[in-house]
Amino acid sequence: MATLLVKNIGCLQTPVGSYSHKGKQQAENLKLQNAAILIEDGIIKEITSDGILPSEAEDAETVIDAEGNLVTPGLVEGHTHMVFGGYRQNEIPLKLKGAGYLDILRAGGGILDTVRKTRAASFEELYQKTEGFLDEMMGLGVTTCEGKSGYGLDFDTEVKMLEVLKKLNADHPMDIVATFMGAHAIPEEYKGRADEFINMLCEELLPYVKEHGLAEFADVFTEDSVFNYEQSKKYLECAKACGFDLKIHADEIEAIGGSVLAGEMGAVSCEHLIAINEEGLTSMAKAGTTAMCLPATSFYLGADFAPARKMIEMGIPVAMASDFNPGSCPSLNLQFVMNLGCLKYKLLPEEILTAVTINPACAINRGHLVGTLEQGKQGDLVIWNAPNMEMLCYRFGSNLALQVIKKGNLV
């Protein structure tokens, strides 16, 4: 029986409560001073405070002294596109000359450029590249993450991407939740035939991915020049019939009904939401759909920021994620996302911690396992080079994660 004791925690801060799908709408954090945590076989057994050690502390095989620093749950990264071939640094001059995201896509670049490179990459190349990203994320305090396909847009490459995620989930300390996003863009061979592409996904890929246990969620990019409301609805209805939980990329550039559809379909989360309107907000609030906000993408694109404060006021659970991808957010630094949440969304430190722990955990169906520090949950936590959450929101550009613990093991 492996036991780990983390003692001398200056401040232990965590959201509270276990949830299945719906996250927490408002700041609700527990703060314990001079705390300690005992983890047994990867599960939190006891949490104490006020200088009192857990009852079995003296029997712990490993002891870590937090030296008076802040401890929080391990961060949960709820939205990434981390399996891809190549990079897209060549787009920088185009963007500096004023080309927008959709301009580059319509010209055959953007996602389609990454699709060509991902199709050409071997399984081993994608595995090694993604493994490096996971190492980097974990070093920044992330202990559970989501990963999407969507840079294959054909049967073989989409399956290859999901199999990379499945093997890494087995091999790497990180817990990975896979999302099938075959409806990420219209591939060049289906140009002008988006309906036919959706039919192919519904008839071939969705059933195969579900049958082989390659993904838990299905996602679609509902946006101008990509998939419209009707095409997205057909895809999601098919995904739901196959047994997938649903996510939607919506209202990133234009509000064409994606966030409304998210509520109508009972999507677990809706992503981006920069251009969301009142109808979309109302639909999501009614359904309890989590808003997966991606401030680093707004930062990188020079775009507006999602109305996170209004979402919270309307009772919509707000999560934040990096959207790590080679085009619109080539950063996987969730600590920077936390800084942006404070500076651009005007979220309080308690709301920020909720938005990068329990809410994204709920949005990937892991709220019962991770996202809070509670007895019976996984022993996933971070010891920070900071006395409190205010410092994490204040400092930016430096990695403040001192030690990362995953299932009771120092990683």
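User: Which residue's side chain does glutamine 231 join in a polar contact?

Analyst: Aspartate 195, at 2.8 Å. A polar contact is a pair of N or O atoms within 3.5 Å; within protein, one must be able to donate a hydrogen and the other to accept it, and residues adjacent in sequence count only if both atoms are side-chain atoms. This is a predicted model, where local features need pLDDT of at least 70, side-chain atom pairs need 80 or more, and totals for chains, interfaces and linings use all residues. Residues are numbered from 1 along each chain as its sequence is written, and side-chain values use heavy atoms, without hydrogens and water.

User: Where is glutamine 231? And is it buried or exposed?

Analyst: Glutamine 231 is in helix H7. Helices (H or I, at least four residues) and strands (E, at least two) are DSSP runs, numbered from the N terminus. Glutamine 231 has 13% relative accessibility, so it counts as buried. Buried means under 20%, exposed over 50%, partly exposed in between, with a 1.4 Å probe and protein chains only.

User: Which residues does glutamine 231 touch, leaving aside neighbours within four places in sequence?

Analyst: Ala194, Asp195, Ile198 and Val226. Contact means heavy atoms within 4.5 Å.

User: New topic. What order do the strands of the open sheet take?

Analyst: The order is S6-S7-S8-S9-S10-S11-S12-S13, eight strands with parallel pairing. Two strands pair if DSSP finds at least two bridges between them.

User: Which strands stand at the edges?

Analyst: S6 (75–77) and S13 (318–320). Each has a single partner strand, so one side of each has no neighbour in the sheet. For S13, three bridges tie it to S12 (residues 290–293). In that pairing, methionine 292 has alanine 319 of S13 as its bridge partner.

User: What does helix H8 lie across?

Analyst: Helix H8 (residues 258–265) lies across S9 (217–222), S10 (245–250) and S11 (269–272). Seven of its eight residues are buried, so H8 is largely enclosed by the rest of the structure. Among them are Val260, Leu261 and Met265.

User: What do the buried residues of H8 pack against?

Analyst: They pack against S9, S10 and S11, plus helix H7 (229–242) and helix H9 (278–287). After H8 comes glycine 266, with a positive phi near 70°.

User: How about S1? How many of its residues are buried?

Analyst: In strand S1 (residues 3–15), 10 of the 13 are buried. S1 pairs with S2 (residues 29–40) in the antiparallel sense, over 10 bridges. There, glutamine 13 stands opposite lysine 31.

User: Which strand does S1 join by four bridges?

Analyst: S4 (residues 62–65), and the two run parallel. Lysine 7 faces aspartate 65 there. S1 also has two bridges to S5 (residues 70–73), again parallel. Leucine 12 stands opposite valine 71 in S5.

User: Last one. How many aromatic pairs are there?

Analyst: There are 11. Rings of Phe, Tyr and Trp (its six-membered ring) pair if their centres lie within 6.5 Å; planes under 30 degrees apart are stacked, over 60 edge-to-face, the rest tilted. Phenylalanine 84 and tyrosine 151 have centres 6.4 Å apart and planes at 80°, so they are edge-to-face. These two sit 67 residues apart in the chain, and both are buried.

User: What kind of pair do phenylalanine 133 and phenylalanine 324 form?

Analyst: Edge-to-face, with 4.8 Å centre to centre and 80° between the planes. Phenylalanine 133 is in helix H4 (residues 123–139), and phenylalanine 324 is in the loop between S13 and helix H12 (334–343). Ring pairs link Phe84, Tyr87, Phe133, Tyr151 and Phe324 into a cluster.

Methods
Axes are lines fitted to C-alpha atoms, for helices over the stretch in contact, and angles run from 0 to 180 degrees between N-to-C directions.
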